[in-house]
Each structure stands twice: as structure tokens, then as C-alpha cells.
Amino acid sequence: MSPSETGPPAGALPAVAPQLRSLRRRASLTLEAAARDAGLSPAHLSRLETGQRQPSLPMLLSLARVYGTTVSELLGEAPAERNAVVRAADMDSTAAGGWTYWPAGAPGRGMQALRVHVPHGSQGDIVRVHPGEEWLYVLRGRLRLRLGDTPHRLAPGDSAHFDSLTPHRIAAEDPDGVELLFVHTLLQSPTAALCLGPIHGGTT
């Protein structure tokens, strides 16, 4: 067993096993899919879910990312009260695959809201397919959106709402890029499957 699959002695985290199973099911993931996305073997994840092994902190971080939640929730801790208002000053930007995005909603919800900047020429050839729903609204610039075999051109004020199992491509039409308001069902689409950068292994 690799060092990444070792953890605290058995019994150290008694609440983890049922939480791991519950949150995986809430994320609509099979044991095999969750283990693959977290970099674990299905057998090891099964032992974590049955309490035969205890997860290390790196494992908890990976599983929280895959399930779209926090380490605190994985540990069964009561979540802190969430503020309904997100201030612009608290929206720190993150870059992935050339895109820049800002959180526009509270974490740990059943859907996630983002403000996204897509540069011209970035990831326009990547086809994405994953569970969940997506809604986007063009704030600035023009967007090229391909849903299945149908191309669309969206201008500021236009929006689209679609099942993200429909193969889709997103690209900026203008040299200055396009800025979007983007909402998706986070708990149905694990973080690794978000439309925020190229994803390897054929999951996009």
C-alpha cells in the first residue's frame, strides 16, 4: 500500500465511514468512479466507507473535491451558518486552463454560481459531457456555444440552459474574450467535471 493510502489508526475517526458513503451517493457517483477521481483504488475506498481503514488528510481533501463538499462535512461536523450574501470583495479569482472565474455563491450548495472570463482561443475545441445542468448568461462579449451538432452565437443579455450530458463546447467570439455568469449543479457534477479547464482521461 502506498503512503497516500495510509491513515490514522482504526477508530480514530468513527464518523467518517458513513459520511463518505452518504456523500458519494449524494454526488450520484459509483464507488469505482469516485475512487478513480480521487486517485484511490475501489477496494481502498470501500474499506474507508466500511470503517476498515481511516483516511489521511490528503485523501479527505481529494474526496471533498470529488464530492463537491468540505473536509468538515466529510468528518460529520455541523456546517457553519452560511451567509446568503456574497460580497464582490470576497470573490477571489482562480485560473484554470486559461479561464478565470470568481465564485458568485456560497460553497456547499446544491448548485454553484460563478462569474467566468473565457479568453479568445482558449479551449474552444474541448467537448464536455458530464451529469447535471448548466445555465449561462453573457455579461460582456460574444459567445460561441455548440450544443450537440447545433452551433449558437450568444450576445450580451442572451442566456442558455441545457442538460450537460449534451456534448457542448464554449468559446469566445471576440478578441477580448467573453464574460459569463455561470450556474451549474455542483453536487451532480463533481468538481473534476466542471467546465473550467481541460480534463484528462476522457471525462469531459
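1. A residue is called buried when its relative accessible area is under 20%, exposed when that area is over 50%, and partly exposed in between, with a 1.4 Å probe and only protein chains considered. By this definition, 40% of the 204 residues of the chain count as buried. The chain exposes about 10500 Å², of which carbon and sulfur atoms supply 54%, the areas coming from the Shrake-Rupley method with a 1.4 Å probe, where for residues only the protein chains shown count as cover.

2. Please keep in mind that this is a predicted model, in which local features need pLDDT of at least 70 and side-chain atom pairs count only at pLDDT 80 or more, while totals for chains, interfaces and linings use all residues. Residues are numbered from 1 along each chain as its sequence is written, and side-chain values use heavy atoms, with hydrogens and water left out.

3. The secondary structure comes to 5 helices and 9 strands, where helices (H or I, at least four residues) and strands (E, at least two) are DSSP runs numbered from the N terminus. Read from the N terminus on, the elements run α-α-α-α-α-β-β-β-β-β-β-β-β-β. Among contacts between residues at least 6 apart in sequence, 67% join residues at least 24 apart, a contact meaning heavy atoms within 4.5 Å.

4. An open sheet is formed by 6 strands in the order 1-2-3-9-4-7, with antiparallel pairing; two strands are said to pair if DSSP finds at least two bridges between them. The edge strands, each pairing on one side only, are strand 1 (94–96) and strand 7 (159–163). As background, strands of a sheet pair through backbone hydrogen bonds, either parallel or antiparallel. Within the sheet, strand 3 (residues 112–118) and strand 9 (residues 178–184) run antiparallel and are joined by 7 bridges, and the bridge partner of Arg-115 in strand 9 is Leu-181.

5. Strand 5 deserves a paragraph of its own. Strand 5 is joined by 5 bridges to strand 6 (residues 150–154), the two running antiparallel, and the partner of Leu-145 in strand 6 is His-152. The hairpin of strand 5 and strand 6 has 2 residues between the strands, and in this hairpin Gly-148 takes a positive phi near 65 degrees. Strand 5 also pairs with strand 8 in the antiparallel sense over 5 bridges, with His-168 in strand 8 as the bridge partner of Leu-147.

6. Turning to charged side chains, the structure holds 7 salt bridges, a salt bridge being a side-chain nitrogen of Lys or Arg within 4 Å of a carboxyl oxygen of Asp or Glu. One of them joins the side chains of Asp-37 and Arg-36, at 3.7 Å from N to O, and Arg-36 counts as exposed at 54% relative accessibility.

7. Another salt bridge is formed by Arg-140 and Glu-179, whose closest N and O atoms are 3.4 Å apart. Arg-140 lies in strand 4 (residues 133–140) and Glu-179 in strand 9, so the pair ties together parts that are 39 residues apart in sequence. Arg-140 is partly exposed, with a relative accessible area of 38%, whereas Glu-179 counts as buried at 15% relative accessibility.

8. A salt bridge also links Asp-174 and Arg-142, with the closest N and O atoms 2.7 Å apart. This pair links distant parts of the chain, 32 residues apart, since Asp-174 sits in the loop between strand 8 (168–172) and strand 9, and Arg-142 in the loop between strand 4 and strand 5 (143–147). Asp-174 counts as buried at 17% relative accessibility, while Arg-142, at 42%, counts as partly exposed. Elsewhere, salt bridges that share partners join Arg-115, Arg-140 and Glu-179 into one network.

9. Finally, His-120 lies in the loop between strand 3 and strand 4 and counts as partly exposed at 45% relative accessibility. Leaving aside its neighbours within four places in sequence, His-120 is in contact with Ala-172, Glu-173, Asp-174, Pro-175 and Gly-177. The C-alpha atoms of His-120 and Pro-175 are separated by 5.3 Å, although these residues are 55 residues apart along the chain.
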